[in-house]
Amino acid sequence: MVCESWKGKLELYLDGEMKSDEMRAFDAHVRSCPSCAADVLAGVQMKRAVQVAGKRFVPSNEFRQRVQRSVAAKPRRSVGFSWMAASAVVAIVFVVGLAAAYIGRERVRTQQVYSEVADLHVATLASSSPVDVVSSDRHTVKPWFQGKIPFTFDLPELQNSEFSLLGGRMTYLEQTPGAHLIYELRKHRISVFIFPEEGLRGRFGDSSVTKELSFSVETWSRGGLRYFAIGDAGGGDIDRLAKLFQAVNP
Amino acid sequence: MRVARLDVQSDSFEELAMPLFDQLYNFAHWLTQNREEAEDLVQETYAKALKGFSSFQLGTNFRAWMYRILRNTFLTSRTGLRATMTVPIDSEEDGPESAIAGATPETILIDRSSEALMQRAIEQLPVHFREILLLCDVEEMSYQEIAETLSIPIGTVMSRLSRARRGLRSRLQEQLQKR
């Protein structure tokens, strides 16, 4: 029977999944067949009833705002500020203020990036879980970043050096996603940050170690990526770690 | 080395994801049947999606991607595991009997007071049927989109949907007889 074949396709018709020529043929059939017309009507009512009944649960405003905040906030300086981090921020604001008074705008921007890097370093170490991937194995840490940041880089072999890798995390600097690696050297923590150069404002050369807020900082650029090594270890230590990175990322 | 930079930032994640908030919450609440768990599920979904956003391919279906994350998170949660374990794995081999044919409880659905009746019937459906029915009739997803969300072939979408509707009808009928 003609009707039987149509009835088998009733759901496709109701869900709007029929090809347009078949849809027209079905329409024509329904107009001349009271039995199929009744089925279509029943099906439409059923779909409509599910739709009305299904729109049932509404999230609270408070919950919406909570999620909104969590996706809007850039995940930097997120976790519990210790007094150290807080005082570092105060000092950073002070230094940035001084810099603005003395030097030009470009320098200020550069300085802001340094400050922010120092800020990220301090805030991360103050956090209860500083790293997202905990491993001393560079072959574990490097792949972890795949798909999380829009670039790739190599990590140095540390077997015969005094440095050890503690782990890594994703970070943001001026809305640019980057990698944050944490190394240990005689109880000193050293952060290495890597960001795409074009995402950063300010002008950086390849500097030797400078002092920023009593931290030693070294920055350099390789293959379109900007590296920062920062920590409270001595300038020579920071420089040795920087050299290890430069050797594997020519 | 040239650095490939994605134009994907969390600003655009927020713009894409927040408009889906109400419907994702509604779906989560239907799955978990509990406000607190639904909130946890939605929160976790957004956190995972934000974290993995750089791996999302622009131009592909963002809505299906979000629903897939939510659903996978649910299925691996304690409630999700319980919901799927207490229900027999749905076999797709039932006959082609139309979901619409037979006696018509539909007439009672015109009555607004029967909304609660319908809600109870949807609640009682096994989770695999409940979700596909909601994706089709409430979220108005196409079969293709449902297939992407549930990671199943389109043929399975059709047969499962059909069985879900049949299940819904028989539950409605049971409830009507009780009235």
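**Close-up views of a predicted model**

**View 1. Cysteines of chain A.** In this predicted model, Cys3(A) is buried at a relative accessible area of 13%, where buried means under 20% with a 1.4 Å probe and protein chains only. Cys36(A) is also buried, at 3%. The closest cysteine sulfur to that of Cys3(A) belongs to Cys33(A), 3.4 Å away and too far for a bond. For Cys36(A) the closest cysteine sulfur is in Cys3(A), at 3.7 Å, again too far for a bond. Over all chains there are zero disulfides, a disulfide being a pair of cysteine sulfur atoms within 2.5 Å.

**View 2. Interface of chain A and chain B.** Contact (heavy atoms within 4.5 Å) involves 49 residues from chain A and 54 residues from chain B. The two chains bury about 4,600 Å² between them, 59% of it on carbon and sulfur atoms; this is the accessible area (1.4 Å probe) lost on putting the two parts together, summed over both.

**View 3. Salt bridge between Arg66(A) and Glu39(B).** These side chains form a salt bridge with an N to O distance of 3.8 Å. The rule asks for a side-chain nitrogen of Lys or Arg within 4 Å of a carboxyl oxygen of Asp or Glu. Six salt bridges are counted between chain A and chain B.

**Notes.** Residues are numbered from 1 along each chain as its sequence is written, and chains are lettered from A in the order in which they are written. Local features need pLDDT of at least 70, side-chain atom pairs count only at pLDDT 80 or more, and totals for chains, interfaces and linings use all residues, while side-chain values use heavy atoms, leaving out hydrogens and water.

Definitions and conventions
Buried < 20%, exposed > 50% of the residue type's maximum accessible area, 1.4 Å probe, protein only.
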